[in-house]
Amino acid sequence: CDLCERFLTSNPSAEQRFAAQMLMLGSCNTLGEGDMIASVLPSVSAPSLATSQTLLRNVVSAYSDTIAEDMGVDAAIKAIDNALAQVQYESPRDYAMRMFDSTKARAPKNADGTPMSNRQIMASLRTNGETVNAGLLYTAADKKSGLLKGAGRKDEALKVLKAFLAGRDPSSTYARRAKSAVTQAEIVGQPAVALNFERQYGEFKSLEDWRGKVVIIDFTAHW
């Protein structure tokens with residue numbers, strides 16, 4: 001950390017400054033210094049689209065947990081929000097243009113085995129670009145929700161997920177994930193639904209017979 005701090009006084013380029021700050025943050029995280037991470041993060045400025053997304057992913061996947069342990073959930077959520085505010089998003093069109101040549105070289109096919117046309121490839125890539133952007137937002141929302149649930153703040157956790165869902169296509173990948181997370185959170189503490197079964201094993205008749213008792217249900221599947 002001391003070496004990085006000294007390097008930062010040498011008037012480095014924006015990219016070099018970012019790299020040094022990320023080294024500092026990584027060292028602080030390894031040492032469990034959440035307060036140091038929280039103090040350094042506001043001074044970190046991501047110089048590009050890629051680095052802004054890297055910063056968010058690191059805050060979500062590692063730094064926020066360390067900050068939460070040291071300073072509490074609210075400080076961790078503030079760090080995530082600050083990183084989220086810096087994120088640069090690539091437009092679906094730009095993403096498609098950037099990925100077109102490498103994708104076309106792989107000769108993608110439709111579900112029926114016919115080669116995809118250029119227009120079909122571009123349409124597919126634009127959808128992928130939208131998914132990438134949604135994934136960044138969902139990653140942050142899911143992490144904040146998890147931190148809040150872990151702190152016993154279920155209502156706030158649900159509010160975060162529902163805010164992510166607002167105005168989003170319910171059939172999209174991350175909307176389905178968020179909806180599943182909401183359902184899982186809301187179902188806890190609710191009466192168990194009736195179980196329908198095709199074949200009976202042992203003396204089991206229905207969950208109703210075991211009301212008031214602890215029941216462990218093991219779901220299995222045979223393919």
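## How the helices pack

α7 and α9 cross in a left-handed way, where left-handed means that the near helix is turned anticlockwise from the far one by less than a right angle, and right-handed means clockwise. The axes of α7 and helix α9 (residues 173–187) come within 9 Å and cross at roughly 15 degrees. That angle makes α7 roughly parallel to α9. On the α7 side the contact is made by Thr131, Ala134, Gly135, Tyr138 and Lys149, and on the α9 side by Tyr174, Arg177, Ala178 and Ala185. By class, those residues split into five nonpolar, two polar and two charged.

A word on where this comes from: the model is predicted, local features need pLDDT of at least 70, side-chain atom pairs count only at pLDDT 80 or more, and totals for chains, interfaces and linings use all residues. Residues are numbered from 1 along each chain as its sequence is written, and side-chain values use heavy atoms, with hydrogens and water left out.

Now for the terms. Helices (H or I, at least four residues) and strands (E, at least two) are DSSP runs, numbered from the N terminus. Axes are lines fitted to C-alpha atoms, for helices over the stretch in contact, and angles run from 0 to 180 degrees between N-to-C directions. Angles under 35 degrees count as roughly parallel, over 145 as roughly antiparallel, 65 to 115 as roughly perpendicular and the rest as oblique. Contact means heavy atoms within 4.5 Å. Ala, Val, Leu, Ile, Met, Phe, Trp, Tyr, Cys and Pro are the nonpolar ones, Asp, Glu, Lys and Arg the charged ones, and the others, Gly among them, are polar.

| Pair | Axis distance | Angle |
|---|---|---|
| α6 and α7 | 8 Å | about 125 degrees |
| α7 and α9 | within 9 Å | roughly 15 degrees |
| α8 and α9 | within 9 Å | roughly 160 degrees |

From α8, the contact takes in Lys154, Leu158, Leu161, Lys162, Phe164 and Leu165; from α9, Tyr174, Ala175, Ala178, Lys179, Ala181, Val182, Ala185 and Glu186. The tally for this contact is 10 nonpolar, no polar and four charged residues.

Helix α7 (residues 118–150) also packs against helix α6 (residues 92–105), at an angle of about 125 degrees. That makes α6 oblique to α7, and the crossing of the two is right-handed. Among the contact residues are Pro92, Tyr95 and Phe100 of α6, along with Ile121, Leu125 and Val132 of α7. This contact divides into 10 nonpolar, five polar and four charged residues.

Zooming out, the protein has nine helices and zero strands. Its radius of gyration, taken over C-alpha atoms, is 23 Å, while a compact globule of 223 residues would have one near 17 Å (by the rule of 2.2 Å times the number of residues to the power 0.38). Along the principal axes, the C-alpha atoms fill a box of roughly 75 × 55 × 30 Å. Of contacts between residues at least 6 apart in sequence, 59% join residues at least 24 apart.

As for burial, 31% of the 223 residues count as buried, with buried meaning under 20% relative accessible area, exposed over 50% and partly exposed in between (1.4 Å probe, protein chains only). Gln21 sits in helix α2 (residues 14–30) and counts as buried at 2% relative accessibility. Leaving out residues up to four places away in sequence, Gln21 touches Leu8, Ser43, Val44 and Ser45.
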